[in-house]
Amino acid sequence: MCGIFGIYGHKNAAELSYLGLFALQHRGQESAGIVSSDGLNIYDRVRMGLVSEIFNGKKLAKLKGHMSSGHVRYSTKGGSSLKNAQPFVLKTGKGMITIAHNGNLINTDDISKKLENNGAIFQSETDSERIVHLIARSKERDLTDSIVDALKQVEGSYSLIITTKKDMYAIRDPYGIRPLSLGNVDGAYAIASETSALDLIGANYIRDIEPGEILKISEKCVKSIKPFEAKEPHPCIFELIYFARPDSYVFGVSVSEARKNMGQELAKYDKENNKNINADFVGPVPDSGMYGAIGYSKESSIEFDLPFTRNHYIGRTFIKPQQSTRDFSVKIKLSPVKEVIKGKRIVLVEDSIVRGTTSKDKIKNLREKGAKEVHMRVYSPLLKYPCFYGLDIPTKMELIAHHYGVDEICKIINADSLVYQSIEGLLNSVPQGTKYCHACMSGEYPILRSDVKD
Ligand code: 5GP
Ligand code: MG
């Protein structure tokens with residue numbers, strides 16, 4: 001997963017990119033970068049780390065021009081290193097091109113082989129660089145045509161911001177798997193993975209970039225084309241479950257509302273099937289489980305409380321003590337609140353279980369602090385299948401639900417009871433009429449997997 005942001009036609013373009021990326025930081029914390037252009041030159045700063053660590057007033061002042069774009073990275077393909085950080089800036093026969101990509105291509109191996117057979121040498125391991133190579137090598141002379149030509153060769157998910165010295169392109173793949181929104185501020189166009197970034201810079205939301213749309217923003221005009229074969233859009237439902245920020249709208253849906261509904265659906269299920277749950281309170285595993293727990297509490301009329309408090313000040317550079325384990329980062333982030341927990345029967349609401357590490361650890365904490373019962377409620381369905389479209393659910397082998405059923409998982413995490421959301425319940429929580437991608441839960445993959453190995 002990653003976050004992308006772009007702004008065209010604003011005198012403080014780079015500064016607004018900085019703010020936009022700040023509001024998208026939850027989408028990726030490994031690296032961040034901003035590029036800008038004044039029509040003559042392209043300026044860039046791309047580093048490992050958080051947005052606030054990489055940029056300051058002096059650095060931003062060097063990113064000149066009326067147009068800027070940026071990227072925050074969470075690596076799903078290619079290691080976590082500077083050579084894979086974005087936006088990429090590449091010099092091509094068609095001029096300088098920068099690219100910021102959120103998503104994941106599924107035919108990268110094919111494309112890489114083809115390009116390498118033609119002499120391409122790659123600087124990085126990322127999909128995004130392959131796209132620029134395809135654009136650069138296209139026989140089309142016009143850049144828009146070259147972009148179309150390149151994207152017709154790729155399969156997978158991509159929300160993209162591509163810039164040249166003069167123009168900006170905002171693009172979403174035909175399946176619309178990852179979000180991308182368009183807004184305006186002070187007469188300038190703004191593009192962002194989530195509306196939280198538009199809100200922070202004071203931009204008005206105009207609309208989403210549509211699945212399969214290429215929007216070109218230039219000095220003369222704004223032009224939208226849809227050059228690809230139309231597909232039935234399949235936005236990623238996990239954006240609504242976990243990834244997006246609660247104050248955002250993605251795919252036109254309020255993330256906080258969707259999560260509350262998901263919690264409500266779980267409570268409805270319990271009302272019908274587990275009538276004898278007598279809990280003292282409902283609480284979330286923060287922060288992600290928060291709105292789901294509110295929804296559950298509302299529907300069940302069980303009181304809401306907070307069994308954990310979160311430490312917000314753990315930077316990337318936090319030094320773990322020597323005897324630390326993988327679990328330590330979970331422990332340091334969330335601390336149990338004994339007075340809330342002691343002697344209580346608790347419904348613990350979590351957005352998802354991936355490997356099981358968090359749930360197991362949190363339930364252990366609750367028991368150590370004297371919880372009488374812990375009933376785990378998970379508002380995503382069982383995650384059984386890998387995601388090839390950009391979520392960090394890379395192989396089946398790492399997924400606890402690939403190996404075990406609900407009863408076994410309940411024992412492993414040491415809960416008194418465990419209920420997952422059904423796919424039906426999940427789909428009831430979001431506005432009807434959209435077909436979502438839920439491949440990680442159902443195994444139904446909307447896009448052909450020609451070179452995927454799982
Ligand atoms: P587990 O501990 O079971 O491996 O992962 C579940 C926890 O990770 C949940 O608290 C959930 O909010 C969070 N989570 C779910 N998906 C992702 C993801 O793609 N990346 C990260 N960093 N956390 C995730
Ligand atoms: Mg979580």
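**Figure 1. A hairpin joins β7 to β8 through four residues.** The model is predicted: local features need pLDDT of at least 70, side-chain atom pairs count only at pLDDT 80 or more, and totals for chains, interfaces and linings use all residues. Residues are numbered from 1 along each chain as its sequence is written, chains are lettered from A and ligands numbered from 1 in the order in which they are written, and side-chain values use heavy atoms, with hydrogens and water left out. Helices (H or I, at least four residues) and strands (E, at least two) are DSSP runs, numbered from the N terminus. β7 and β8 are antiparallel and share five bridges; two strands pair if DSSP finds at least two bridges between them. Ile-162 has Tyr-169 of β8 as its bridge partner.

**Figure 2. β7 is enclosed on both sides.** Eight of the eight residues of β7 are buried, so the strand is largely enclosed by the rest of the structure. Buried means under 20% relative accessible area, exposed over 50%, and partly exposed in between (1.4 Å probe, protein chains only). In a regular strand the side chains alternate between the two faces of the sheet. Gly-156, Tyr-158, Leu-160 and Ile-162 point one way from β7. Ser-157, Ser-159, Ile-161 and Thr-163 point the other way. Eight bridges pair β6 with β7 in the antiparallel sense.

Figure 3. Strand β6 (residues 95–105) is antiparallel to β5, with five bridges between the two. Ile-99 in β6 is the bridge partner of Phe-88.

**Figure 4. Helix α5 is mostly covered.** Nine of the eleven residues of α5 are buried. Among them are Asp-127, Glu-129, Arg-130, His-133 and Leu-134. The buried residues of α5 pack against β5, β6, α4 (108–117), α6 and β7; contact means heavy atoms within 4.5 Å. Arg-130 sits over the face of Phe-122, 3.9 Å from the ring centre. A charge counts as over a ring if NZ of Lys or CZ of Arg is within 6 Å of the ring centre and within 35 degrees of the ring normal.

**Figure 5. Helix α6 is mostly covered, and Asp-142 caps its N-terminal end.** Seven of the nine residues of α6 are buried, including Leu-143, Ile-147, Val-148 and Leu-151. The buried residues of α6 pack against β6, α5, β7, β8, β12 and β13. At the cap, a side-chain oxygen of Asp-142 lies 3.1 Å from the backbone nitrogen of Thr-144. A polar contact is a pair of N or O atoms within 3.5 Å; within protein, one must be able to donate a hydrogen and the other to accept it, and residues adjacent in sequence count only if both atoms are side-chain atoms.

Figure 6. The whole structure holds seven aromatic pairs. Rings of Phe, Tyr and Trp (its six-membered ring) pair if their centres lie within 6.5 Å; planes under 30 degrees apart count as stacked, over 60 as edge-to-face and the rest as tilted. Tyr-74 and Phe-243 pair edge-to-face, at 6.1 Å centre to centre and 65° between the planes. Tyr-74 lies in the loop between β4 (67–73) and β5 and Phe-243 in helix α8 (residues 237–243), so the pair ties together parts 169 residues apart in sequence. Tyr-74 is partly exposed, at 24% relative accessible area. Phe-243 is buried, at 6%. Phe-388 and Tyr-445 form a tilted pair, at 5.2 Å centre to centre and 35° between the planes. Phe-388 is in the loop between β20 (373–378) and α14 (400–403), and Tyr-445 is in the segment after α17 (439–442), 57 residues apart. Phe-388 and Tyr-445 are buried. Ring pairs also join Tyr-74, Phe-238, Tyr-242 and Phe-243 into a cluster.

**Figure 7. Strands β19 and β20 run parallel.** Six bridges join strand β19 (residues 345–350) to β20. Ile-346 is opposite Val-374 in β20. Five of the six residues of β20 are buried.
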